[in-house]
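Subject: Structure handover

Hello,

Here is the structure for your files. My notes on it follow below.

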Amino acid sequence: MSEAIATERTAYNFAYLDEQTKRAIRRAILKAIAIPGYQVPFASREMPMPRGWGTGGVQVTAAIIGPDDVLKVIDQGADDTTNAVAIRGFFTRVANVATTTRTVEATIIQTRHRVPETPLNADQILVYQVPIPEPLRFLEPRETETRKLHALADYGTMHVKLYEDIAHFGEIATTYAYPVTVDGRYVMDPSPIPKFDNPKLDDCPALQLFGAGREKRIYAVPPHTRVVSLDFEDHPFAPQRFTEPCALCGATGVFLDEVILDDRGGRMFVCSDTDFCNGRQAAGHRGRLAGNPIESGEGADV
Amino acid sequence: MTGGTVSLATVALAPGFADPVFDAQRAFRSVMAAMARPGRIEPLASELAPPAPMTPALAALALTLADQDTPLWLDAALMASPEVAEFLRFHAGAPIIADPAAAAFALVSDPRAMPLLDAFAQGSDAYPDRSATLLVQVERFSGASLMLAGPGIAGTATFAASPLPDDFVERLKANRAAFPRGVDLVLCTANEIAALPRSVRLVEAA
Amino acid sequence: MYVAVKGGEAAIRNAHRLMAHERRGDPEVPEVSAAQIDGQLALAVDRVMTEGSLYDRGLAALAIKQARGDLVEAIFLVRAFRATLPRLGATEPLDTSNMAIRRRVSATFKDLPGGQILGPTFDYTHRLIDGALDGFAPPEPATAAPREEAVPRVTDLLGEEGLIEPSPRDDGSEPGDLTREPLAFPIGRDLRLQALARGDEGFLLALGYSTQRGFARSHPFAGEIRMGEVEVEIFVEELGFAVTLGTITVTECQMVNQFKGAGDAPPQFTRGYGLTFGHCERKAMAMALVDRALRAAELGEDVSAPAQDEEFVIMHSDNVEATGFVEHLKLPHYVDFQSELDLLRRLRAEWDAAALKEAAQ
């Protein structure tokens, strides 16, 4: 009886969510855009993938995506990481939309932990998956308290925490999910992107939407909005720098993954943004370990 | 509930979206683009033929955003036409209420006579999202020009719409001054929209 | 030369094939059916229905089979299925005083109208592994004439004396639904009970236990635990009256707690309430303890223990949310880890340099 119910329900609405849910999410998105950096509560649905695995980003994407969109999904900057593959597969299945790995071809880019290296344009929307949307959460675990602090724009504790870092370590010891101020009002968690990516949020031509499914919050940064990483006059914000170029494409000024090559200390650094790296290699750029390209087939995954 | 009380008048009821899923998705992308870039005019083509004085764009906005969870407030000009209320009740399933402060969306077809912006739900400092969105129908996007700045705008942008209340600039400034409380406006003609979210700042023309 | 790891898609496909293969177990052993799970692992089905918030035995049994017996995974499957179901209406409140009782025990009175009915219970069994259980034909159950009259609830009997707080009055307001609206703390008891009913049995058990050990001691007595069938009714506008859709099995627990009185409330017993689908007795009791603990602020008691902390309890009781976020740590985090590695190397170099300098002095 129930098996019959389960099997006959294979036809889901376009993009999985029902229209009433989409409307509720869409209304939350509009309020999020109108109040940049403010976390709008929304009735996050239970999705057919685990909480904490991108259900917020998936719901935002599902509420905005249409048949003309081209979707790119990245995790850690890469299109072929397992969870990115799974989410891309979900949208192919429930919305039958075109997908791409090329940043320049995408109209919607759903991401976890990175902002693409290729500058975004005004026709693109960047959807972030957010685990903990509250930048003050690690200072104050209670929503009832953090909500008051945001209402009063009372961000003193955050500054104190950052300054304690400086006193203790000589620098701000936050390397990812580094808090920002949006349009001079709300302190916002940019999601766990490396602080390397923080400058890309500022004055970005693309609309940036943030979805936290388990925590049931949506927030946004409209295009060309001032996004400032928190810092102090005597300790200005400084993104990470890498001393060597990408071992595959030779790029500098990009975020690199460290790859351990053997158990004798051998390691190399390669672009975290796989599309950017592939594009450079296709254009003839070579790093020190890419001299002799081999066709990379389907290897064993990790 | 949608279709809960279907009366004989339904026979004469103007149809809703031909394709509720994709028409709403397209209209939403227009309104999202408009909200993300205050003052910029976005097309909102709609085949809807709603009862007068509602324009197709206003009807498309309402059917895209409103449902049984969002009480609607209609201005006197819209309330004067019972077909408008029936169209919204039937196709959106939205309750229509008399108290502007309790409405999620306010539909205005006669902007000169519209209430002050703070007559509508402003949200609180803790929950500024619990505030109204005003869907305001104008005749054209031209007239006395405003200079806008703020999120969504690279530098400054100009914006004009007519007709608007004479003191519209003061009303917008007061709305911005209450930030993060306030209301958000989406203006529309027959087939175009533009938004003035509460984040927008008015600047003096240089 | 370095070749980047690729093939995520194929790896996922293969992993799922392997999982399906292992789920079947030894092909020489007959496959277990959903009907067998429903009948013979009935308490697992009850738990999945309760925490999955969906009363459908067959679906819950199928979910348990699909989840290879992992009940949290099965609850997750049921929840995701439930999220897509259309809402056709809301039923009338269940009337548990009209329950067709299969089990009913009270720890507060030796005998009482309706009597004590043990029903199917593990209580008083000797917990000795029964080597003869496999292939064992059970005896016919002892039977008695079914009870016709309604059995009054213990709390109603106490209520006649005015010694226990009355049930909250129906003020006509619609109960909330946390699956449709985001929570904003503080929340009402309606949403709290909904969250607790969906909450993880183990988490509520531990919290309830903590109240007994002094972290929000609430002096509980198991006023009554009853299990049986209740009718589910829905009011039909066109007919002007409620019609019965069917019956479901529920377990209800009413804890009776000491209360000295505060403000305008006289000294009286207070209540904690637990309700589950099926026969989830441990869950119903734990829920009732936690419900009572969470009423501390309402009753003017000090809020000092974890079980009394509404935001803490409600935000962490959902095992679908908790498992998702704990398990998400399996996902790649190498971008953030790289950032931390870089910072740590720098801090370490500075520390080493300082230590070296100190040693030189």
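Which residues in α2(A) meet which residues in α3(A)? A:Lys22, A:Ile25, A:Arg26 and A:Ile29 of α2(A) meet A:Gln59, A:Val60, A:Ala62, A:Ala63 and A:Ile64 of α3(A), where contact means heavy atoms within 4.5 Å. These residues divide into six nonpolar, one polar and two charged. In that count, Ala, Val, Leu, Ile, Met, Phe, Trp, Tyr, Cys and Pro are nonpolar, Asp, Glu, Lys and Arg are charged, and the others, Gly among them, are polar.

Before the rest, the conventions. This is a predicted model, in which local features need pLDDT of at least 70 and side-chain atom pairs count only at pLDDT 80 or more, while totals for chains, interfaces and linings use all residues. Residues are numbered from 1 along each chain as its sequence is written, chains are lettered from A and ligands numbered from 1 in the order in which they are written, and side-chain values use heavy atoms, with hydrogens and water left out.

Helix packing in chain A

Helix α2 (residues 19–34) and helix α3 (residues 55–64) of chain A pack at an angle of about 100 degrees, with their axes 9 Å apart. Helices (H or I, at least four residues) and strands (E, at least two) are DSSP runs, numbered from the N terminus. Axes are lines fitted to C-alpha atoms, for helices over the stretch in contact, and angles run from 0 to 180 degrees between N-to-C directions. α2(A) and α3(A) are therefore roughly perpendicular to each other (65 to 115 degrees).

Cores

The largest nonpolar core has 94 residues, and A:Ile29, A:Leu209, B:Met32, B:Leu88 and B:Leu107 touch the most other members. Such a core is a set of buried Ala, Val, Leu, Ile, Met, Phe, Trp, Tyr and Cys residues joined through side-chain atoms within 4.5 Å; buried means under 20% relative accessible area, exposed over 50%, partly exposed in between (1.4 Å probe, protein chains only). Helix α1 (residues 20–36) of chain B gives the largest share of this core, nine residues. Not counting residues up to four places away in sequence, B:Leu107 touches residues including B:Leu58, B:Trp73, B:Asp75 and B:Leu135. A second, separate core of 29 residues includes B:Met114, B:Leu146, B:Leu187 and B:Ala194.

Sheets

In chain A, three strands form an open sheet in the order β7-β6-β10, with antiparallel pairing (two strands pair if DSSP finds at least two bridges between them). β7 (186–188) and β10 (227–229) stand at the edges with a single partner strand each, so one side of each has no neighbour in the sheet. From one strand to the next, the twist averages 30 degrees. Three bridges join β6 (residues 180–182) of chain A to β10(A), and A:Val182 stands opposite A:Val227.

Elsewhere in chain A, β11 (residues 256–260) and β12 (residues 267–271) run antiparallel and are joined by five bridges. They form a hairpin with six residues between them, and A:Gly265 in the turn has a positive phi of about 90 degrees. Four of the five residues of β11(A) are buried, so this strand is largely enclosed by the rest of the structure.

Chain B has an open sheet of three strands in the order β6-β5-β9, with antiparallel pairing. B:Met147 has B:Thr158 in β6(B) as its bridge partner.

Chain C

C:Glu350 lies in helix α12 (residues 334–360) of chain C and, at 42% relative accessibility, counts as partly exposed. Leaving aside neighbours within four places in sequence, C:Glu350 is in contact with A:Phe169 and A:Glu171.

Regards

Conventions: Parallel < 35°, antiparallel > 145°, perpendicular 65-115°, else oblique.
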